[in-house]
Amino acid sequence: MKVRVVDDEMFATTAATALLVNLPPDRPRLGVATGGTPMRLYDELARRSSRGEIDLSGAVVIALDEYLGLADGDPHSYATYVDEHIAGPLGIPAANVHVPQGYGDDPAPGAAEFEDRIAEVGGVDVQIVGIGSNGHLAFNEPGSALDSLTRVVELSEQTRNDNARFFGGRVDAVPRRAITQGLATICRARSILLLAAGQTKAAALAAALRGPVGSDVPASVLQRHGDVTVIADRAAWSRMS
Ligand code: F6R
């Protein structure tokens, strides 16, 4: 595991460099987390793209997860996030953007289909992940099987509370269910870039990287992956030293 612990102002550039060195130049397949932490990385990529320093318009983008129960185009959906912060600014056509989606009353087939879709595009070259304050990885909450695949999950109360900040502070507006790539699915990525920022992640990060590997701390599965780079700010790293 490679680790870079950085001051806040270096977080985005360090993450961008770590990502770009690991991305193959030709049709890179980029696995993207959403949420607050990677936003600074996506803003940095957008900046470099607008200056003509990088060209990721040929990339294939594969999202980790999506809420269930939001309408198409809902501003809180991860599909909207990927469009606004990644695909749009980087000029990636919609046909090359893949976000899990549940159809109608039964979202389970949509989840299974997404697992196949990842295989069809050839897998993920670099998977960007964050970590939940409860140790979740994507929306694999504590208790998730380490060999889990893409599926429908219930969000924990802690995750719904943490994510209420994206829903105007209203926990009741945060969906209760989601589709998420499984822990085994995520670990098939050739390389993984874990981004962690802020004191609220310190305990989860230490448990994931130093503690035993197990379902109680889903992100601990990363200890079993052979190519993980961690970019953490000093607050997130504070329980590690
Ligand atoms: C988002 C995702 C989540 C987040 C995690 C951290 O696609 O899969 O696991 O990475 O909840 O979120 P932030 O960065 O908002 O603290």
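Me: Happy to look at this with you! Which residue of β8 is the bridge partner of Glu 66?
Reply: This is a predicted model, where local features need pLDDT of at least 70, side-chain atom pairs count only at pLDDT 80 or more, and totals for chains, interfaces and linings use all residues. Residues are numbered from 1 along each chain as its sequence is written, and side-chain values use heavy atoms, leaving out hydrogens and water. Strands here are DSSP runs of E, at least two residues, numbered from the N terminus. In β8, Glu 66 has as its bridge partner Ile 179.

Me: How many bridges join β4 to β8?
Reply: Two strands pair if DSSP finds at least two bridges between them. Strand β4 covers residues 65–67 and β8 covers residues 177–180. They run antiparallel, and the number of bridges joining them is 3.

Me: And which β8 residue is the bridge partner of Arg 151?
Reply: Strand β7 (residues 151–154) runs antiparallel to β8, with 4 bridges joining them. The bridge partner of Arg 151 in β8 is Thr 180.

Me: Turning to the ligand, what distance separates a polar side-chain atom of His 136 from a ligand oxygen atom?
Reply: A polar contact is a pair of N or O atoms within 3.5 Å. A polar side-chain atom of Thr 37 lies 2.5 Å from an oxygen atom of the ligand. For a polar side-chain atom of His 136, the distance to a ligand oxygen atom is 2.7 Å.

Me: What percentage of the ligand's exposed area does the protein bury?
Reply: Accessible areas come from the Shrake-Rupley method with a 1.4 Å probe. Taken alone, the ligand exposes 410 Å², and the share buried by the protein is 95%.

Technical notes. A polar contact is a pair of N or O atoms within 3.5 Å; within protein, one must be able to donate a hydrogen and the other to accept it, and residues adjacent in sequence count only if both atoms are side-chain atoms.
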